[in-house]
Amino acid sequence: MRFREGHGILGLLATPDGTRITGTRLRRDTNRLQEALEAALVVDTMGRGSRTSFWLHDLGYQPDQVKVDLAYTTRHFRLNGDPFGRDLAVNSVSTPQHPRGAFFFKLPGDGHDAALTLTWSTRRRHSCDPARCCG
């Protein structure tokens, strides 16, 4: 596995017949030189800013769109103590019967920083006022 910092992704690479994605086209931020990076697996972790559907369309693919119906909000906290003990996180995962969830987890550093992510289904209307739900 290789990581490339300071690069932007310009698009995807595919086999000549278009049956398989083979990597990405990159551009270094500092000098704007492009390069091809071949890969057995390409994973898009860009969230809402993802360009993957556009890149697939440019290659002739017609990707399916899947509506997830999930929303989330995250807030960082500086803690006075350590509520986790030996654990890394406390997760309350949503279910169809209980459409709200939460992830409370340690952040890297001195052990006093944590983040709380609240999740909910967008099929139901919920309000998340930080003053009400996060004190």
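This is a predicted model: local features need pLDDT of at least 70, side-chain atom pairs count only at pLDDT 80 or more; totals for chains, interfaces and linings use all residues.
A salt bridge, as the word is used here, is a side-chain nitrogen of Lys or Arg within 4 Å of a carboxyl oxygen of Asp or Glu. Side chains of opposite charge can pair when their charged atoms come close. Residues are numbered from 1 along each chain as its sequence is written, and side-chain values use heavy atoms, with hydrogens and water left out.

The structure holds three salt bridges. Let's start at Arg78, which is linked with Asp110 and Asp113 in a network of them. Between Asp110 and Arg78 the distance is 2.8 Å, N to O. Asp110 sits in the loop between strand S6 (100-106) and strand S7 (113-121), while Arg78 belongs to strand S4 (residues 70-78), 32 residues apart. (Strands are DSSP runs of E, at least two residues, and helices are runs of H or I, at least four, numbered from the N terminus.) For Asp113 and Arg78, the closest N and O atoms are 3.2 Å apart. Asp113 lies in strand S7 and Arg78 in strand S4, so this pair ties together parts that are 35 residues apart in sequence.

How open are these residues? Take buried as under 20% relative accessible area, exposed as over 50%, and partly exposed as in between (1.4 Å probe, protein chains only). Arg78 is exposed, at 54%, whereas Asp110 is partly exposed at 48%, and so is Asp113 at 24%.

Asp82 and Lys106 also meet in a salt bridge, at 3.8 Å, N to O. Asp82 is in the loop between S4 and strand S5 (89-92) and Lys106 is in strand S6, so their pairing ties together parts 24 residues apart in sequence. Asp82 is partly exposed, with 44% relative accessibility, and Lys106 is partly exposed too, with 28%.

Now for a sheet. Strands of a sheet pair through backbone hydrogen bonds, either parallel or antiparallel. Here, three strands form an open sheet in the order S1-S2-S3, with antiparallel pairing; two strands count as paired if DSSP finds at least two bridges between them. S1 and S3 are the edge strands, each pairing on one side only. Seven bridges join S1 to S2, and Leu12 stands opposite Thr24 in S2.
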